[in-house]
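Please read the points alongside the coordinates.

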Amino acid sequence: KNVGHFEECFKAEQLLLRDNYRSTTSIVNCAQSLIEKNTGRVSKTMNPRKGQGESVKWHEVDNAKEEGIFVAKEIKSLIQQRLVPGGYTEVAVMYRTNQQSRIMEEQFVKNGVPYYLVGATKFYERKEILDILAYLRSLYNPNDTASLLRIINVPTRGIGARTLERAGELANALNLCLWDAVRVIGVLSIPPPEPPEGSPTPSTKGK
């Protein structure tokens, strides 16, 4: 729509780039058959330049989780059958938005499929996810000093390096965990949660 209005408003000349050097004829024709259903687009027929290639396979699933399971198992099957000479590095999964990566990543991990993301960070390595996990670990185990240090100032609470240093010194002097030490000096005004029954009991000395 915007392209059409631009041409009308500015009397622009339309130049169509029709040659496709990236994908095979099978892939281009499949994409073309879908795109041409959009009646509002500028009509354009592509000319693939990379040969016919293998036929495109279509698989229907009911939800995103099933999609992730299918993709992971299909990749693993291709590798086990030695149908991909270069191994996992020759397989690519493309998706439209970054939020779709989480389910794919979960299934890759469950099925032992090695992977890396191009132009993005793995879901469980994103800062906000690591922060949430640190909060959960701190709630489950108040003695988890590493998790507490990660989120003690997230969001910003005005807790500086000197305050944390004092808390660490106090924890060592009184044989406390860091959570108890920061409560003593008034950094945190909330009581630590009780560890769930049966949870591990690590050393209470701050590190």
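1. Helices here are DSSP runs (H or I, at least four residues), numbered from the N terminus. Helix 2 (25-35) and helix 3 (64-80) each supply at least two residues of the lining of the largest pocket. Helix 2 gives the most, with seven residues.

2. This is a predicted model: local features need pLDDT of at least 70, side-chain atom pairs count only at pLDDT 80 or more, and totals for chains, interfaces and linings use all residues. Numbering runs from 1 along each chain as its sequence is written, and side-chain values use heavy atoms, without hydrogens or water.

3. The largest pocket holds about 2100 Å³ of space. A pocket is an open set of points on a 1 Å grid over the protein atoms alone, where a 1.4 Å probe fits, with protein on both sides within 12 Å along at least five of seven lines; lining residues have an atom within 4 Å of a point. Volume is the space filled by probe spheres set on the points, which are joined across faces, edges and corners.

4. The lining of the largest pocket has 39 residues. Ile-27, Val-56, Lys-57, Ala-92 and Met-94 lie nearest the centre.

5. The second largest pocket has a volume of about 560 Å³. Its lining has 22 residues, with Val-91, Ala-92, Val-93, Tyr-116 and Val-118 nearest the centre. Helix 4 (residues 101-110) gives the most to that lining, with four residues.

6. Which residues does Ala-181 contact, leaving aside neighbours within four places in sequence? They are Ala-167, Leu-170, Ala-171 and Leu-176. Contact means heavy atoms within 4.5 Å.
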